Amino acid sequence: MPSLKEIADLIGGELHGDGGLEIGAVQALHRAGPGDIAFLARGKEGADLSGVRAGALIAARGGDVAYANLVLVDAPRLAFAQLLEHFHPRVPFWIGVAANASIAATAELGAGVSVGPFASIGEGARIGAGSEIHAGVAVYRGVTIGRDCLIYANAVIRENVEIGDRVIIHPGAVIGADGFGFDRTAEGTAVKVPQVGRVIIGDGCEIGANTCIDRSTIEETVLEANVKLDNLVQVGHNVRIGRDTAISAQTGISGSTRIGAGVIMGGQVGVADHVEIADGVMVAAKTGITGSVREKMIVAGIPHQEIGEWRRSMVLARNLAAMREKLRLLERKIKEMEEK
Amino acid sequence: MPSLKEIADLIGGELHGDGGLEIGAVQALHRAGPGDIAFLARGKEGADLSGVRAGALIAARGGDVAYANLVLVDAPRLAFAQLLEHFHPRVPFWIGVAANASIAATAELGAGVSVGPFASIGEGARIGAGSEIHAGVAVYRGVTIGRDCLIYANAVIRENVEIGDRVIIHPGAVIGADGFGFDRTAEGTAVKVPQVGRVIIGDGCEIGANTCIDRSTIEETVLEANVKLDNLVQVGHNVRIGRDTAISAQTGISGSTRIGAGVIMGGQVGVADHVEIADGVMVAAKTGITGSVREKMIVAGIPHQEIGEWRRSMVLARNLAAMREKLRLLERKIKEMEEK
Amino acid sequence: MPSLKEIADLIGGELHGDGGLEIGAVQALHRAGPGDIAFLARGKEGADLSGVRAGALIAARGGDVAYANLVLVDAPRLAFAQLLEHFHPRVPFWIGVAANASIAATAELGAGVSVGPFASIGEGARIGAGSEIHAGVAVYRGVTIGRDCLIYANAVIRENVEIGDRVIIHPGAVIGADGFGFDRTAEGTAVKVPQVGRVIIGDGCEIGANTCIDRSTIEETVLEANVKLDNLVQVGHNVRIGRDTAISAQTGISGSTRIGAGVIMGGQVGVADHVEIADGVMVAAKTGITGSVREKMIVAGIPHQEIGEWRRSMVLARNLAAMREKLRLLERKIKEMEEK
């Protein structure tokens, strides 16, 4: 068990209190006991800690927290994340290549790659050193996967998709399925437009469980570095998403849309096709974006509005009964005045 | 073929008519023929049955139905469900453990467990007696599955998830993927917060196809007993859902939200994070719940309102053109009055 | 490399310019170089082509396009789709039946069927000639799949589902999972109603990645010929969808609803149960359809309205602040008049 002093050194924090205290686990604030360390989120320094029983707390520097054992850092939640990794090191799913995996003769596996049972790696696929391919994953021909990636069970990666380094793909995600491209004959029959473009996933991206990222007709669907997608998200063909953008569950991005860097989207958002969203835009859950959002702002509503406008609209909409009442009152008064 | 008398005994019903009639199948009301039995939903007793050709009907006691052969019960639909099971006994997917399944040396399988081809069971996993694990299911290390569970093809259950007895998990569902937990550095780079918590699924739960239930950072995501989730539902990390709650397709529950018992949610509902929904609340499809619903009621709208209020708002919103007309009329009258 | 003359012949087009030009690839308009052919969408004939460097263009007959090398056709996008297929012929996923597939003794495979690694085909299943079953697909017992189908990796097809010819099922799709059918006891306990009906998928249908189509209690869920479903779509039990209907991502169709032919739905639409949608109806993204739409029209909004009405409602709703201002002004004036 590390001492509190060792933990402070690990997270680069300032130790106050008993550095020799042994810390057995990281815990949530209200669950932690005398052998645990927990964290106090930035801005919560004034909270009542009388019921907290944690052996030690991580808190923000300069926050004036009264607690016996403290480690002060600039970013408590990031330090907590670091400690979680330290106390819960990831155990590899599988060591080496399972005898019952299917590896094409022309596939190339880097050093230390692990491939679980019933995973299949197609012709010409290349998996970078240190990556893990879990049970039942299907990697089609010509796929490139970088170093230190983690592809969870039953994910599917279609042909020629390119995946960078340190990418995490959660179970059941589908990368590179055909975009939804159809044309119609004069008689109205839907005719498939082949989708032979590629999908490119940048370094450090994370793709949620059962999320789908489609390939395009002939160009590329691109996630720049460090994009984070939650579960059940739909990314249409020929979409481009900028770096560090985070998109919550069940959101859908229609074809050929461009999303900037550092965008944050809530869940169940829908974005129309061929629109542009500027860097740093924030989108409330369930918003329907029907046109471009060209500067950094927060949007909400269907169709989307700047969130302040949307809030005022909502207040007005919910005061309609009062407006109607006033209108009736005025009608009555005018009638009285006319009759006079 | 059972006789109508035998069927009446099986479902504890009161027989009227020809007890010797042989019943070959259970059928929908408008499809049933002379050898079939169908059911008449409670409240439909007054319906015109002149076109119905079923050999016999199950109907509600005390409902005064005029039909030659009847079995009267308290709950016709439940009796029908019981007969469906009787006439369509489930055939096991696989008998025993398939030679081409992958079972870790330290996994424990109870009596009568069946494991289909290409399913993988990780180290230390325990599967209770009578459970079926279908083709391609990935059970990670340390998972516990209770008795008489049914895990359909290609579902994925991540490490240390605990599943009770008689749980049904439909194809492609993902239990225990990482919650969507990120923090940002001062420069805006998204940093993953490890998700090392657990998911606990109570007895009798049913999880729809491609539904995702995330594990939390350090605490638990919990489904109490008998929770029913439809397909493509998203349950965020650290959520708790009370017993007998039913949630329709494509609904999403954000992190750390608490949902009571016996709640019924329509499809495509979104629930914000850290809110509480009281026992017995009903939620209309597509509702956006942005705050706690502290007592039993029906809600609708984005943001949610009590459904009566929401209906009145909708009526008012759709009468805006009339309101604007009245307003113009009053303006004109006042102008006239001013001019006089 | 085909000559432009050969390409014109292939797509039945009218050649203008250098028929001997060798065409190496099909490309997007703004990416094409001198060895590539691109297409100009119908209606775009007047566009500025000064920056276009394509060796040749496909354009609409009668559109008066000024470009050196042209192939004129009636439907440029369809011709482009045809050329995409010509330049990118699909490579079979697997030749023959993989040694590590699991094929039940009583399954029947037609001529030229290919089955990838870790796919499992249940008892009595029949796969038509020329169909491809990719890695990890689970075909349950009694399933029928027609000729020349393409079932991508890790899709799941539950027992007794019937699939026509030339059907494409994308990765992770689940066909025939149990419908979400429950009844409640007097005490409120949710009781499962067995789902023993079938799913029938017509010729030429395409089912998106991770899309779910449920089986019904006792009747059929039916997709008529050539229905196109995008990713993450939910089709409830006992639904019927007419031919050539196209439904975008994350849309959900509730149980027992009937959708006509040639319907086009945007993404994230929700349709209530037991409603009817007429042939040719178009539905805007995020619409909530709460009742039948009995004639061909475009609908939008929650609840849905004819789109013109919906647009007017939106304009009015967003002018509420102005209406309130007017109302206040009138109040003031009336007060002044009363005081006089």
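Mentor: What follows is a set of questions about terms, with answers that reason from values; please keep in mind that this is a predicted model.

Trainee: What makes Ala8(A) count as buried?

Mentor: A residue is called buried if 20 or more other C-beta atoms lie within 10 Å of its own. Ala8(A) has 24 other C-beta atoms within 10 Å, so it is buried. Ala8(A) has its place in helix 1 (residues 4-10) of chain A, and, leaving aside residues up to four places away in sequence, Ala8(A) touches Gly13(A), Leu15(A) and Val71(A).

Trainee: How far is the C-alpha atom of Ala8(A) from that of Val73(A)?

Mentor: The two C-alpha atoms are separated by 8.8 Å, although the residues are 65 apart along the chain.

Trainee: Why is chain A said to be more spread out than a compact globule?

Mentor: We begin with its secondary structure, which comes to 4 helices and 37 strands. The globule rule gives 20 Å for 340 residues, and the radius of gyration of chain A is 27 Å, which is well over that value, so chain A is more spread out than a compact globule. Along its principal axes, the C-alpha trace of chain A spans about 95 × 70 × 30 Å. Of the 340 residues of chain A, 53% count as buried.

Trainee: Which domains is chain A divided into?

Mentor: The division gives domain 1 (4-87), domain 2 (155-303) and domain 3 (311-339). The centres of domain 1 of chain A and domain 3 of chain A, taken over C-alpha atoms, are separated by 57 Å.

Trainee: What makes strand 6 and strand 35 of chain B edge strands in their sheet?

Mentor: That open sheet has 10 strands in the order 6-9-12-15-18-23-26-29-32-35 (chain B), with parallel pairing. Strand 6 (102-103) and strand 35 (288-289) of chain B each have a single partner strand, so one side of each is left without a neighbour in the sheet.

Trainee: Which strands stand at the edges of the open sheet of 11 strands in chain B?

Mentor: The order of that sheet is 8-11-14-17-22-25-28-31-34-36-37 (chain B), and the pairing is mixed. Strand 8 (114-115) and strand 37 (305-306) of chain B are its edges, because each has a single partner strand and one side of each is therefore without a neighbour in the sheet. Strand 8 of chain B runs parallel to strand 11 (residues 132-133) of chain B, to which 2 bridges join it, and Ser114(B) stands opposite Glu132(B).

Trainee: Are the residues of strand 3 of chain B buried or exposed?

Mentor: In strand 3 (residues 36-39) of chain B, Asp36(B) and Ala38(B) point one way and Ile37(B) and Phe39(B) the other way, and all are buried. Strand 3 of chain B pairs in the parallel sense with strand 2 (residues 25-26) of chain B over 2 bridges, and it is joined to strand 4 (residues 56-60) of chain B, also running parallel, by 3 bridges. Ala38(B) stands opposite Leu57(B) in strand 4 of chain B.

Trainee: How many residues of chain B are in contact with chain A?

Mentor: Two residues are in contact if their C-beta atoms lie within 7 Å, and 48 residues of chain B are in contact with 50 residues of chain A. Helix 4 of chain B gives the largest share of the side of chain B that touches chain A, namely 7 residues, and that side divides into 24 nonpolar, 16 polar and 8 charged residues.

Trainee: Which element gives the largest share of the side of chain C that touches chain A?

Mentor: The contact takes 50 residues from chain C and 47 residues from chain A, and helix 4 of chain C supplies the largest share of the chain C side, 8 residues.

How values were computed. Residues numbered from 1 in each chain as written. Chains lettered and ligands numbered in written order. Predicted model: local features only at pLDDT ≥ 70, side-chain atom pairs only at ≥ 80, totals over all residues. Pairing = 2+ DSSP bridges. Domains from an automatic or database assignment. Nonpolar A, V, L, I, M, F, W, Y, C, P; charged D, E, K, R; others polar. Rg over C-alpha atoms; globule rule 2.2 N^0.38 Å. Buried ≥ 20, exposed ≤ 12 C-beta atoms within 10 Å, placed from the backbone.
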